[in-house]
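Colleague: I would like to learn how to read the features of this model. Can we go through them one at a time?

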Amino acid sequence: MKEQGFDLQKDIGKIENVKMGDRLLVSGVLYTVRDKVHRKISDRIRNKESLPFDIKNSTVYYCGPSPKPDGKIVGACGPTTSKRMDRFTPLLLENGLKIMIGKGDRGEEVKNAIVKNKALYLTVTGGAAALLASHVIEFDLVAFEELGPEACYRMVVVDFPCIVAIDSIGSSIYNKKWEMI
């Protein structure tokens with residue numbers, strides 16, 4: 001397992017070089033997208049309506065940030081359980097989504113869609129929400145303000161610590177038997 005920087009905009013074409021278990025320091029633009037936003041985006045795709053951001057080659061983070069404390073860019077912004085988004089994920093991947101960040105394993109349909117669309121699923125440590133927030137340098141509302149913290153936000157991150165949970169060929173840390181040292 002190696003650690004490397006990964007620029008979400010410049011390195012998107014190098015997804016095949018990233019392998020399960022690699023530690024990435026992710027930098028660039030990502031969008032917070034949880035359950036209700038997934039439903040709204042999926043409905044818009046099916047109805048051929050405009051999306052709140054360009055989904056092609058984009059990265060989504062399954063997160064609902066907490067309110068921003070004084071003097072901070074964002075409140076705590078830890079991951080939410082990814083499996084809840086599984087019913088929407090294949091459609092988003094088919095429409096150009098390339099990277100998802102969350103926590104926990106994914107279903108077989110999502111794993112197959114990751115391979116088919118040459119995408120990545122990254123995981124971040126749950127319980128480290130305040131630490132993760134320290135890697136956010138911009139945070140702006142994009143759409144669905146009525147959803148509060150579950151709205152869609154644009155985040156710019158620097159050296160956001162992630163682990164490749166499922167790579168573009170389907171290798172998964174959730175299928176690996178880890179040896180105790």
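Modeller: Start with exposure. Buried means under 20% relative accessible area, exposed means over 50%, and partly exposed lies in between, with a 1.4 Å probe and protein chains only. Glu108 is exposed, with a relative accessible area of 53%. Note that this is a predicted model: local features need pLDDT of at least 70, side-chain atom pairs count only at pLDDT 80 or more, and totals for chains, interfaces and linings use all residues. Residues are numbered from 1 along each chain as its sequence is written, and side-chain values use heavy atoms, with hydrogens and water left out.

Colleague: With which residue does Glu108 form a salt bridge?

Modeller: The general idea is simple. Side chains of opposite charge can pair when their charged atoms come close. The rule here asks for a side-chain nitrogen of Lys or Arg within 4 Å of a carboxyl oxygen of Asp or Glu. Glu108 pairs with Lys111, and their closest N and O atoms are 3.7 Å apart. Both sit in helix α3 (residues 108-116), and because they are three residues apart, about one helical turn separates them. Helices (H or I, at least four residues) and strands (E, at least two) are DSSP runs, numbered from the N terminus.

Colleague: How many salt bridges does the rule give?

Modeller: The count comes to 11. Take Arg154 and Glu138, whose closest N and O atoms are 3.1 Å apart. That pair links distant parts of the chain: Arg154 lies in strand β7 (residues 152-166) and Glu138 in strand β6, 16 residues apart. Arg154 is partly exposed at 25%, and Glu138 is partly exposed at 35%. Elsewhere, salt bridges that share partners join Arg34, Asp35, Arg84 and Glu150 into one network.

Colleague: Back to α3. Which of its residues are buried?

Modeller: Val110, Lys111, Ala113 and Ile114 are. They cover an arc of only 160 degrees around the axis, so they lie on the same side of α3. The arc is that of the directions from the helix axis to the C-beta atoms. On the other side of α3, Glu108, Glu109, Asn112 and Lys116 are exposed.

Colleague: What covers the buried residues of α3?

Modeller: The cover includes α2, β4 (99-102), β5 (120-123) and β7. Covering is read from contacts, meaning heavy atoms within 4.5 Å.

Colleague: Where is Ser82, and is it buried or exposed?

Modeller: Ser82 is in the loop between β3 (59-61) and α2 (89-94). Ser82 counts as buried, at 0% relative accessibility. Beyond neighbours within four places in sequence, its contacts are Tyr62, Gly102, Lys103, Gly104, Arg106 and Tyr121.

Colleague: Next, backbone angles. What phi does Lys48 have?

Modeller: Most residues other than glycine have a negative phi. Lys48 has a positive phi of about 55 degrees, although it is not a glycine. Lys48 lies in the loop between α1 and β3, and is exposed at 76% relative accessible area. Asn57 has a positive phi of about 60 degrees and is not a glycine either. Asn57 is also in the loop between α1 and β3, but is partly exposed at 32%. Just after α3, Lys118 takes a positive phi of about 50 degrees.
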